[in-house]
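Please look over the sequence and the structure before reading on.

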Amino acid sequence: MATASGGKAKYIIGALIGSFGISYIFDKVISDNKIFGGTTPGTVSNKEWWAATDEKFQAWPRTAGPPVVMNPISRQNFIVKTRPE
């Protein structure tokens, strides 16, 4: 019985690898080679546009409060009660 399940796993893994390979090839042909036509937008291909946009976003004034701690538990600024009151 152990060999039967091991045999199935190799088919599943092989099918997954094959499907990722086929997906990559289709993506490469359709998107990069543009077989259906179209062009890459200037906002993607123009490096000057990227630099100007980044500069604009960095220049905006900060209107929010102080930075937020994403994981407050890791700061351990909470009180642990050792006995119930």
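Is K34 buried, partly exposed or exposed? With a relative accessible area of 30%, K34 counts as partly exposed, because that class lies between the limits of 20% and 50%.

## Model and confidence

The structure is a predicted model. The mean pLDDT of the protein chain is 77, and 67% of the residues score at least 70.

Helix α1 (residues 2-32) has the highest mean pLDDT, 86, whereas helix α4 (residues 72-75) has the lowest, 60.

## Overall architecture

The protein chain contains four helices and zero strands. Read from the N terminus, the order of its elements is α-α-α-α.

Of the 85 residues in the protein chain, 2% are buried. The chain exposes about 8400 Å², and carbon and sulfur atoms account for 64% of that area.

K34, the residue of the opening question, belongs to the loop between α1 and α2 (42-45). Its phi angle is near 50 degrees, which is a positive value in a residue other than glycine.

## A charge over a ring

Another lysine is placed against an aromatic ring. K10 lies over the face of Y11, at a distance of 5.6 Å from the ring centre.

## Helix α3 and its cap

Helix α3 covers residues 47-59 and has 13 residues. From its first C-alpha to its last, the helix reaches 18 Å, close to the 18 Å expected at 1.5 Å a residue.

The N-terminal end of α3 is capped by N46. A side-chain oxygen of N46 lies 3.0 Å from the backbone nitrogen of E48.

## The aromatic pair

How many aromatic pairs does the structure hold? There is one aromatic pair. The ring centres of W49 and W50 are 5.7 Å apart and the ring planes stand at 80 degrees, so the pair is edge-to-face; the cut-off for that class is over 60 degrees.

W49 has a relative accessible area of 36% and is partly exposed. W50 is likewise partly exposed, at 46% relative accessibility.

Methods: Residues numbered from 1 in each chain as written. Heavy atoms only, no water. Helix = DSSP H or I, 4+ residues; strand = E, 2+ residues; numbered from the N terminus. Buried < 20%, exposed > 50% of the residue type's maximum accessible area, 1.4 Å probe, protein only. Areas by Shrake-Rupley, 256 points an atom, 1.4 Å probe, with all protein chains shown as cover. Expected span 1.5 Å × (residues − 1). Polar contact = N/O pair within 3.5 Å; in protein donor to acceptor, adjacent residues only side chain to side chain. Phe/Tyr/Trp six-rings, centres within 6.5 Å; stacked < 30°, edge-to-face > 60°. Lys NZ or Arg CZ within 6 Å of the ring centre and 35° of its normal. pLDDT = per-residue confidence, 0-100.
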